[in-house]
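Have the sequence and the 3D view open side by side. Find each residue as it comes up, and turn the view as you read.

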Amino acid sequence: QVEVVESGGGLVQAGGSLRLSCVASGSIFIINSMAWYRQAPGKQRELVAEMPSSGSTNYADSVKGRFTISEDNAKNTVYLQMNSLKPDDTAVYYCKLGLVDGSYDYFDDWGQGAQVTVPS
């Protein structure tokens, strides 16, 4: 059984930084792709950053130059480093992982969400 757990959310003042972590545990062969989404109150979930299987990275225009997606393969962990945070970044952040398990089956799994709050 595979579990995806997020951590690192919190309250930070505007201009500050946070790093979100997303750990996959269980029978994992590889993390094939990864992405971070966020959902603000009253808004639809939006893609923030992604790293597809090609290894390239894509970012929403609103976070380019401030957020960085990365991974540590040895720890089955994906990160979202968030710098120069703004009140508009306030949202629940979700990681989505494209996983290959020990049976070489591919599936997507989501983290439980991490609240990030940047007071105005």
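Start with Arg-38, which is buried because its relative accessibility is 6%, and the cut-off for buried is under 20%. Keep in mind that this is a predicted model.

Which residue does Arg-38 pair with in a salt bridge? The partner is Glu-46. Their closest N and O atoms are 2.7 Å apart. Glu-46 has a relative accessibility of 35%, so it counts as partly exposed.

Now look for Asp-89 and Arg-66. They form a salt bridge too, with 2.8 Å between the closest N and O atoms. This pair links distant parts of the chain, for its two residues are 23 residues apart. Asp-89 sits in the loop between strand 8 (77-82) and strand 9. Arg-66 sits in the loop between strand 6 (58-59) and strand 7 (67-72). Are these two residues buried or exposed? Both Asp-89 and Arg-66 are buried.

Arg-38, Glu-46, Arg-66 and Asp-89 are linked in a network of salt bridges. How many salt bridges does the model have? The count comes to four. One of them joins Lys-64 to Asp-61, with the closest N and O atoms 3.1 Å apart. Here Lys-64 and Asp-61 are both exposed.

Next comes the largest pocket. It holds about 200 Å³ of space. The pocket is lined by 14 residues. Those closest to its centre are Arg-38, Ala-40, Lys-43, Glu-46 and Asp-88. What classes of residue make up the lining? Seven are charged, four are polar and three are nonpolar.

Move to Gly-42. This glycine lies in the loop between strand 4 (28-39) and strand 5 (46-51). Gly-42 is exposed because its relative accessibility is 89%, and exposed means over 50%. Now find Ala-24, which is 18 residues from Gly-42 along the chain. The C-alpha atoms of Gly-42 and Ala-24 are separated by 29 Å.

Another pair spans a longer stretch of sequence. Asp-101 and Gln-13 are 88 residues apart along the chain, and their C-alpha atoms are separated by 39 Å. Asp-101 belongs to strand 9. Its relative accessible area is 16%, so Asp-101 is buried.

Follow the chain on to Tyr-104. This residue is in the loop between strand 9 (91-101) and strand 10 (106-110). Why does Tyr-104 count as exposed? Its relative accessibility is 57%, and the cut-off for exposed is over 50%. Together with Phe-29 and Ile-30, Tyr-104 makes a nonpolar surface patch of about 330 Å².

The backbone at Tyr-104 deserves a look as well. Its phi is near 65 degrees, a positive value in a residue other than glycine. Asn-76 also has a positive phi, of about 50 degrees, although it is not a glycine. Find Asn-76 in the loop between strand 7 and strand 8.

Technical notes. Residues numbered from 1 in each chain as written. Predicted model: local features only at pLDDT ≥ 70, side-chain atom pairs only at ≥ 80, totals over all residues. Heavy atoms only, no water. 1 Å grid on protein atoms, 1.4 Å probe; cavity = no way out; pocket = protein on both sides within 12 Å on 5 of 7 lines; lining within 4 Å. Points joined across faces, edges and corners; volume = space filled by probe spheres on them. Nonpolar A, V, L, I, M, F, W, Y, C, P; charged D, E, K, R; others polar. Patch = residues over 30% accessible without salt bridge, like charges linked within 9 Å, V, L, I, M, F, W, Y side chains within 5 Å. Areas by Shrake-Rupley, 256 points an atom, 1.4 Å probe, with all protein chains shown as cover. Salt bridge = Lys/Arg side-chain N within 4 Å of Asp/Glu carboxyl O. Helix = DSSP H or I, 4+ residues; strand = E, 2+ residues; numbered from the N terminus. Buried < 20%, exposed > 50% of the residue type's maximum accessible area, 1.4 Å probe, protein only.
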